[in-house]
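User: Please take a close look at the aromatic ring pairs in this model. Which rings pair, and where do they lie?

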Amino acid sequence: MRLAIDAMGGDHAPEEIIKGSLEALKHFQDIEIVLIGKEEVLRGLQRKEKRLKLVYASEVIENDEAPVTAVRKKKDSSMIVGLELLKKEEVDAFLSAGNTGALMAGALLTLGRIKGIDRPALAPILPTLNGATVLLDAGSNTNCDAQNLVQFAVMGHVYAQKMFEIERPRVGLFNIGAEEEKGNEVVKKAFEELKKSKLNFIGNVEGRDIPYGVCEVVVCDGFVGNAILKSMEGIASVISQLLKEELTRNIFTKLGALLIMGGLKRITKKMDYTEYGGAPLLGIKKPVIKAHGNSKAKAIFNAIKQAKNFVDNDVLNHIKEEIESMGDELSV
């Protein structure tokens, strides 16, 4: 398996991207990594690992650039070069921690959408009390109709099925209340269609339900999804900071902390976003993974692991098959 990685994307590029990539090559013996970036940054790295290949790109798409403009103007950027390699089937997947909007725009323009999907969705995995939950969309589409939400549900169902190894993952529709009549017209219409579908639809879920893991898939538009994602990241960070302050307040709390250190480490690991890798762009024809913009080596390693699992489980072909089998159910 050959995985292409944007060495120039993200807040901690290129050093942490390179470090995470080299660590992944040590751990996974059945992959090759193609690092894409500026020659002056990557030159000489190939000598460190025989399964590491280098492709030079002279440009970088920055986080503050307008996505579509950057994609069209910077044809020799590390991101676009990587997507082109994927289009030509020279690699099996592409991963970037760079500009999210540019990655989505570039993937759409370069690779296209799966037939039957109107809008691709960003699908991160959230840690919960009962394991993990797929959230989609997490920021790609701020305005969605009912058909988009139904399509997100189908893609999330397949993704959770293959990645979590659950035959019938539970699908919930995010809403301001559990009652069927709650929400705007788009959400109400999506509720009716999902209720008629063959998915394991459990109804509406509220924000407070998500951390408890009441379902394996949460469906919403990208505006709401991004707010959920950032809120959960912020709350987890605040709780971690508060615990650290309280447990180091004096000698007695420090002694108590020693006694519960094992449990604290397990909780911290479970709630750490870097453990869950990146978010696939579901609905794009080829495997594209978006790593967190703040990713360091550990997060990049886990994003590579996720990309590998995504390809190994042939998620995209299973999504295509599911879309074809549901046919008219997806027309709202």
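Analyst: A residue is called buried if its relative accessible area is under 20%, exposed if over 50%, and partly exposed in between (1.4 Å probe, protein chains only). The model is predicted, so local features need pLDDT of at least 70 and side-chain atom pairs count only at pLDDT 80 or more, while totals for chains, interfaces and linings use all residues. Residues are numbered from 1 along each chain as its sequence is written, and side-chain values use heavy atoms, with hydrogens and water left out.

Rings of Phe, Tyr and Trp (its six-membered ring) pair if their centres lie within 6.5 Å; planes under 30 degrees apart are stacked, over 60 edge-to-face, and the rest tilted. The count by this rule is 3 aromatic pairs. One of them is stacked, because the ring centres of Phe28 and Phe301 are 5.6 Å apart and their planes stand at 15°. Helices (H or I, at least four residues) and strands (E, at least two) are DSSP runs, numbered from the N terminus. Phe28 belongs to the loop between helix H1 (15-27) and strand S2 (32-37), and Phe301 to helix H11 (residues 297-312), so this pair ties together parts that are 273 residues apart in sequence. Both Phe28 and Phe301 are buried.

Helix H11 also holds Phe310, which pairs with Tyr159 of helix H6 (residues 146-164). The ring centres of Tyr159 and Phe310 are 5.9 Å apart and their planes are at 55°, so the pair is tilted. This pair, too, links distant parts of the chain, its residues being 151 residues apart. Tyr159 counts as buried because its relative accessibility is 0%; Phe310, with a relative accessible area of 2%, is buried as well.
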